[in-house]
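Colleague: I am new to reading models like this one. Could we go through it together, one question at a time?

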Amino acid sequence: MEQVKKRKKSMSLQRQKRLYGILFILPAFIFVFAFMFYPIMYSAFMSLQDYNYVTDASPSFVGFENYKNAFQDPTFRVSMKNTLIYSSIYFISVMVISLFLALTLFNVKKFNAFFRTSIFIPIVVPLSLASIVFTWILQENIGLLNYFLGDILGLEQLTRGWLTEGKTAMGSIIGVGLWATIGFVTILFLGGLQSISPDILEAAEVDGATGWKKIFYVILPNLREAYILTGIWAIIQALKVFVEPMVMTHGGPGTSTLVMYQEIYFTAFTRFEMGYASAMAYILGIITLVFSLINFHINRSREDI
Amino acid sequence: MKKWFWVVVLYVVLATSTVFFLTPFIYALFNSFKSENEIFQVPQSFFPREIIFTNYESILEGHFIDYFMNSVLITVSGVLLIAILSSLAGYAFARLPFKGSHIILVALLLVITLPIAVFLIPMYLLEDSLGLLNTRLGLILPNVAVGLPFSIFIMRAAFIGIPKEIEESAQIDGCGIFQTWWRIMLPMARNGLITVIIFSFYVIWGEYTMAKVLATDQIAMPLTVGLTLLKGEAWALGTLSAVITLSMLPPIIIFILFQKQVVEGLSQGSIKG
């Protein structure tokens, strides 16, 4: 009798817990549903429609026409190419430089906190404001970089309008992207380095692995988890590049720094082709997802060996 | 001898990168104290020759105050809402599971990786139909939504880390579920909560993309978007430097005060997220 009562009580507690669980999640869920879950579905629907928000009264179904058009659209193709260029250079640079900086920080004791702070700080400030400052730094006549190269180092031949020439404009945008994010990736790598057990490092030294050998045969292979973490983060970060070209070059000169994200923005919010832009956004979303999965898979299968 | 050489190399590397990372801040700071003439002088001087404060005074004119107020109000309300909603939901995901809660959790994990571009068009159409475009509320709501998934994961981790016995003894003492959460569990999860607050502050204070789309009237713009409109106008350089300096100060101060928390929280969060 006593037991039955107890069970009844715990049953009702269980039920109460479920009820409260739903109640506790509900407010957050409404937000996420309205601005994320529902938009994902609505975008999918919209990407199959022809719909100009200004001129069309209502969307009309066109199937996969938007996707087909996107891949044949010269401007969108340029933006894809630029995003690919940006992403690959950014990805390789951010991984290599951050790993290098993390290894450096790992071996330095004096002023370590100061160096770490100054490397990390860019990620906490608004990127669009930092981009404005970089626009000045890279400006042809009054810019700090040209002043440094020309007037201080005496390398006049290197000075130029960094943001007004196609190739250096792309380079500059990659540079600002690196400036903003290297600190974060470095900290993640540093976390990875600190989590390598000291026993492994000691054993390696006993076996005669020192200096470069220790780095290449012991430390780097032991950072697998850090590679997955930083790799996924860097890819997603690279593919969604938007702020720097928007603020610094507006995609120019010409279309030399026009990235996918921007082309989506312009199509949707200056030309108001909502259906077409939704298809483009979906293409970007799918590419992001695929790269994340590939990276995850590579690192996982390596672990199995 | 050889070791000594390598130590010098390491420090040179670090010092060079420090210069690279800090120069933009120092440049903006120094420019904010220069007169227009000095800023446009060729060749320029990196250090201000004489320090003037007129740039800071002229912030009071123009739209700067509007931008600033918009940023402050959007950020404060957004952070508050995220803190409350994510600690409720995080607790439920950690301790009050129900049928389907796991699926929601996985869905949240998936949306984190997607670029905001995928959500922007429906957001815009939704807000236009509700009359929320160019309003502060219209920026607070999507910022909260986008910040929630990550924050929920941090709060969930914080609650999972608390021993179950504490909760059970609270319930034996007659605490209801809401009471247990508010009086006992939330104070114990405060480290997670601080991380969420700092993190969402950074994200919302620096948010550009949604603001660019959803606030097209100057009066409704936050700093991140409003200031970029002035970048091309030469006259504004000194004043703009002053505003940028002021806008970058809050996140930097918070970072220096809570450095350990930020670094640990962010790397932890990105592991779980």
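Colleague: Of the 305 residues of chain A, what percentage count as buried?

Modeller: Happy to start there! This is a predicted model, in which local features need pLDDT of at least 70 and side-chain atom pairs count only at pLDDT 80 or more, while totals for chains, interfaces and linings use all residues. Residues are numbered from 1 along each chain as its sequence is written, and chains are lettered from A and ligands numbered from 1 in the order in which they are written. A residue is buried if 20 or more other C-beta atoms, placed from the backbone, lie within 10 Å of its own, and for chain A the share is 43%.

Colleague: What radius of gyration does chain A have?

Modeller: The radius is taken over C-alpha atoms, and the globule rule is 2.2 Å times the number of residues to the power 0.38. The C-alpha atoms fill a box of roughly 95 × 75 × 35 Å along the principal axes. A compact globule of 305 residues would come out near 19 Å, but chain A has 26 Å.

Colleague: Which residues are buried in helix 4 of chain A?

Modeller: Helices are DSSP runs of H or I with at least four residues, numbered from the N terminus. Helix 4 spans residues 112–120, and its buried residues are covered by parts including helix 3 and helix 7 of chain A together with helix 1 of chain B. The buried ones are A:Phe115, A:Arg116, A:Ser118, A:Ile119 and A:Phe120.

Colleague: Which helix of chain A gives the most to the side that touches chain B?

Modeller: Two residues are in contact if their C-beta atoms, placed from the backbone, lie within 7 Å. By that rule, 77 residues of chain A meet 71 residues of chain B. The top contributor on the chain A side, with 23 residues, is helix 1.

Colleague: At roughly what angle do helix 4 and helix 10 of chain B cross?

Modeller: Two packed helices are described by the angle between their axes and the distance between the axes. Here the axes are lines fitted to C-alpha atoms over the stretch in contact, and angles run from 0 to 180 degrees between N-to-C directions. The two axes come within 9 Å, and they cross at roughly 145°.

Colleague: How far apart are the end C-alpha atoms of residues 7–30 of chain B?

Modeller: An unreviewed UniProt entry annotates this stretch as one of the transmembrane regions of chain B, and such annotations may be inferred rather than shown by experiment. In the model the stretch is 100% helix and 0% strand, with its end C-alpha atoms separated by 32 Å.

Note on methods:
Helices (H or I, at least four residues) and strands (E, at least two) are DSSP runs, numbered from the N terminus. A residue is buried if 20 or more other C-beta atoms lie within 10 Å of its own, exposed if 12 or fewer, and partly exposed in between; C-beta atoms are placed from the backbone.
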